[in-house]
Amino acid sequence: MKDISIPSANLRTTLQPMRKTAFYISVLTLAYTSACSQIQNQDFKKISDAEWKKKLTPTQYHILREKGTERAFTGKYYAHHEKGTYTCAACKQELFSSDTKFESGSGWPSFFKPTDQKSVKVVPDRSYGMIREEVVCSRCGGHLGHVFNDGPAPTGLRYCLNSEALLFVKEKNSKP
Ligand code: FE
């Protein structure tokens with residue numbers, strides 16, 4: 001039988017440059033991804049009110065940028081049951097999964113946790129004589145709604161959000 005083994009010295013000289021190239025590609029990819037996400041985050045925070053007005057509908061602008069609230073039982077997602085992901089309507093950051101959505105009876109789309117805790121920020125809200133916890137998008141600062149401590153297990157939280165602050169991205173092969 002013919003010997004097809006490659007001498008180990010030859011193999012080493014072939015593999016070493018390949019490993020180095022792969023290493024440099026990984027480092028460059030990581031640096032690029034990190035730089036892109038930083039630029040993206042900074043850019044959204046720098047968008048002026050006038051620019052947001054052009055990007056959003058009047059209702060979206062009122063809710064996301066002026067901390068408005070849509071009337072209960074009027075939004076497009078409070079009784080929405082398709083499988084998929086809810087993103088921020090302003091910057092499109094992924095926020096909540098349909099797997100964590102539940103029927104709260106409040107008339108607003110309700111979730112018990114965000115997809116990634118880093119995608120939302122919770123800030124104290126003392127408006128209208130109430131003490132509430134406001135939920136904002138961590139990337140663009142858009143107002144999404146409020147979070148309350150009367151949600152279901154496993155978190156016990158109820159993220160009570162405005163439909164107009166969200167966009168739904170349907171999961172492939174999902175049935176209505
Ligand atoms: Fe956002």
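This is a predicted model: local features need pLDDT of at least 70, side-chain atom pairs count only at pLDDT 80 or more; totals for chains, interfaces and linings use all residues.
Let's start with helix H3, which runs over residues 58–66. Which of its residues are buried? They are Gln60, Ile63 and Leu64. These three sit on the same side of H3, because they cover an arc of only 85° around the axis. Now turn to the face pointing away from that buried side: there you'll find the exposed residues Pro58 and Glu66. And what lies over the buried residues? The cover includes strand E7, residues 143–148.

Next, the backbone. Most residues other than glycine have a negative phi, and most peptide bonds are trans. With that in mind, look just past the end of H3, where Lys67 takes a positive phi of about 55°.

Keep going and you reach Phe73, in the loop between H3 and strand E1 (84–88). Phe73 isn't a glycine, yet its phi is positive too, near 65°. Is Phe73 buried or exposed? It counts as exposed, because it has 11 C-beta neighbours inside 10 Å, and the cut-off for exposed is 12 or fewer.

Lys92 comes up in the loop between E1 and strand E2 (94–97). Here phi is near 70°, again a positive value in a residue other than glycine. Lys92 has 14 C-beta neighbours inside 10 Å, so it counts as partly exposed.

Last stop: the loop between E7 and strand E8 (158–161), which is where Pro154 sits. The peptide bond joining Ala153 and Pro154 is cis, with an omega of about 10°.

Key: Residues are numbered from 1 along each chain as its sequence is written. A residue is buried if 20 or more other C-beta atoms lie within 10 Å of its own, exposed if 12 or fewer, and partly exposed in between; C-beta atoms are placed from the backbone. Helices (H or I, at least four residues) and strands (E, at least two) are DSSP runs, numbered from the N terminus. The arc is that of the directions from the helix axis to the C-beta atoms. Two residues are in contact if their C-beta atoms, placed from the backbone, lie within 7 Å.
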